[in-house]
Amino acid sequence: ALFHTSRPQFALKHFKLADIGEGITEVEVIKWNVKPSTPVHTFDPLCEVQSDKASVEITSPYDGVVRDLFVDEGQVAKVGQDLCTIEVADDSPAAADNEGIQSSQTITPPAEPDKHPEAPAEAPLTPPPKADHSTRRPHPLDPNVPSESRAQLSSGQNVLATPSVRHYAREHGVDLSALTPGSGKDGRVEKRDVVAYLKGESARVASPPHEPVVTHAGEDITVELSRTRYNMWKAMEKSLSIPQFSCSSMLDLTELHNILPILNANIPKHYLPPSAQSAHSPVISPGSFYAPPAPPSIPPSGQYTRLTFLPILLKTLSRAMLDWPLFRSSITSSSSTTTTGKPTMTLRPHADISIALSTPTGLYTPTLPAVDTRSVHALASSLAHLSHLGRQVPCALTPAELPKRGGTLSVSNVGGIGAVDSAAPVLVPGGGVAIVAIGRAKWVWDVDRGDGRGERRLKVGVSWSADHRVVEGAELVAFLEAWRGWVEAPQRLIADGV
């Protein structure tokens, strides 16, 4: 017999992996924060995923109960694949009209885990509290929320913090982005950070970032690798499958050293921080006849007051890459096969260069696309901005700076760390066809110059490794000499339009 009941109706929502960044097609599920039958609320963390070298915390777009997990920890999920199902209250009119007929098929939410023993016995029969959508902010992954509403989310959602801390901060009107990095592990913002902010003091002095491991003198300590360092572990193991050819040489930077003061004295105004910009307006304005186009907007992290050799070396390297199409190429993925089954190479129109960046959380290789189209000043700004993002805890680099299709060449500026003359850089799969390590420049006495009397010259060591499957040793040496021609005669760049 049919009967009427006021018990709520429930719908099963399939939560799919959304596109988390440019070019990302799959991620590895590192950790699940929920289990089947776990109640969740909007913005509660569901899982942590990692793609290449960028890790992302995925949060729930619904209030409800987790039913099934479809991807185990350590497995790879494709974009668009179901991650889990969440049982939510069905507020549709059809559900309300058919309430009496479908009451016998209503799904009862499961009991909460034993982690809340103080809850009354009848709590399992009570569905999760209904979300107040009039006051709750929309979730960026909720397909039922208009796109214009999702665009208004606070930047504080990118801050590492637990839901309880987020709720406490919202109650007291505190922007979590102003508290990063927090005093918790990996820069997590803790409640004590919010309390200290409200009191106008820092909690980091009174509380250490995390509890130290108590050990006795002479005892061994077991330390688990971080996700970034574990990714480096796997990449280095894969590099053993690549036969590599290496060579090293010295580049003469004396001419670059001589023109650097001129370049530093003429840095475009929009690349300078406000404190270094001249407050005096020209007597005769260049825009008196017609206003010139506005310069591009430069973030404060991309402003600088002094050029270094690195952006000029990158510019000259890109110029040599234009002359050598092989070094603008990458090995085509195995999924793209030809009729003959032979490997293929993808030739790119521009010089894409990856930069090895050591950060507090590990080694990253952000990419500078189309270096040949950028000025030396623009490259210096991009390098400063990438360094700023890498210094943040947790690392602020995103898939936009770490595209899956990286550069065809990689550059490691080891000379910026210590007095290194040469190194043996390792090329990993997906790292392009070659990698170069640049040492520290130093003044030496070159006996081959000055009509036999010798000259004092500024030189830097460079060490190359290339994928010997596609790059011949002679080709790498000839490419190195092409680069030398641009570095040691930088006046050639004037005719090239820099």
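**Close-up views of a predicted model**

View 1. Arg319 is buried, at 17% relative accessibility, whereas Asp323 is partly exposed, with a relative accessible area of 44%. Side chains of opposite charge can pair when their charged atoms come close. The search of the whole structure finds 14 salt bridges, and the next two views show others.

**View 2. Arg348 and Asp352 form a salt bridge****.** The closest N and O atoms of Asp352 and Arg348 are 3.0 Å apart. Are these two residues buried or exposed? Asp352 counts as buried, at 10% relative accessibility. Arg348 is also buried, with a relative accessible area of 4%.

**View 3. Four charged residues are linked in a network of salt bridges****.** The network consists of Asp252, Arg449, Glu455 and Arg457. Within this group, the side chains of Arg457 and Glu455 meet in a salt bridge of 3.3 Å, N to O. Arg457 is buried at 9% relative accessibility, while Glu455 is partly exposed, with a relative accessible area of 28%.

**View 4. Ring pairs link five aromatic residues into a cluster****.** The members of the cluster are Trp324, Phe327, Trp464, Phe479 and Trp483. In the whole structure, a search finds six aromatic pairs. One of them joins Trp464 and Phe479, whose ring centres are 5.6 Å apart and whose planes stand at 85°, so the pair is edge-to-face. This pair links distant parts of the chain, 15 residues apart: Trp464 lies in strand β19 (residues 455-467) and Phe479 in helix α10 (residues 473-487). Both side chains are buried, with a relative accessible area of 1% for Trp464 and 0% for Phe479. The rings of Trp464 and Trp483 have centres 5.8 Å apart and planes at 90°, so this pair is likewise edge-to-face. Because Trp464 is in strand β19 and Trp483 is in helix α10, the pair ties together parts that are 19 residues apart in sequence. Trp483 counts as buried, at 0% relative accessibility.

**View 5. Arginine side chains sit over tryptophan rings****.** The charged end of Arg456 is placed over the ring of Trp443, 4.3 Å from the ring centre. Arg492 lies over the face of Trp486, at 3.8 Å from the centre of that ring.

**View 6. Four strands form an open antiparallel sheet****.** The strand order is β1-β8-β6-β3. Which strands stand at the edges of the sheet? These are β1 (10-16) and β3 (39-40); each has a single partner strand, so one side of each is left without a neighbour in the sheet. The antiparallel strands β1 and β8 (residues 82-89) are joined by seven bridges. Phe15 has Cys84 in β8 as its bridge partner.

**View 7. Three nonpolar residues form a patch on the surface****.** Leu225, Tyr230 and Trp233 together have about 310 Å² of accessible area. Tyr230 is found in helix α6, residues 227-239. With a relative accessibility of 40%, Tyr230 counts as partly exposed.

Terms used. Residues are numbered from 1 along each chain as its sequence is written. This is a predicted model: local features need pLDDT of at least 70, side-chain atom pairs count only at pLDDT 80 or more; totals for chains, interfaces and linings use all residues. Side-chain values use heavy atoms; hydrogens and water are left out. Patches are made of residues with over 30% relative accessible area and no salt bridge: like charges are joined within 9 Å, nonpolar side chains (Val, Leu, Ile, Met, Phe, Trp, Tyr) within 5 Å. Accessible areas come from the Shrake-Rupley method with a 1.4 Å probe; for residues, only the protein chains shown count as cover. Helices (H or I, at least four residues) and strands (E, at least two) are DSSP runs, numbered from the N terminus. Buried means under 20% relative accessible area, exposed over 50%, partly exposed in between (1.4 Å probe, protein chains only). Two strands pair if DSSP finds at least two bridges between them. Rings of Phe, Tyr and Trp (its six-membered ring) pair if their centres lie within 6.5 Å; planes under 30 degrees apart count as stacked, over 60 as edge-to-face and the rest as tilted. A charge sits over a ring if NZ of Lys or CZ of Arg is within 6 Å of the ring centre and within 35 degrees of the ring normal.
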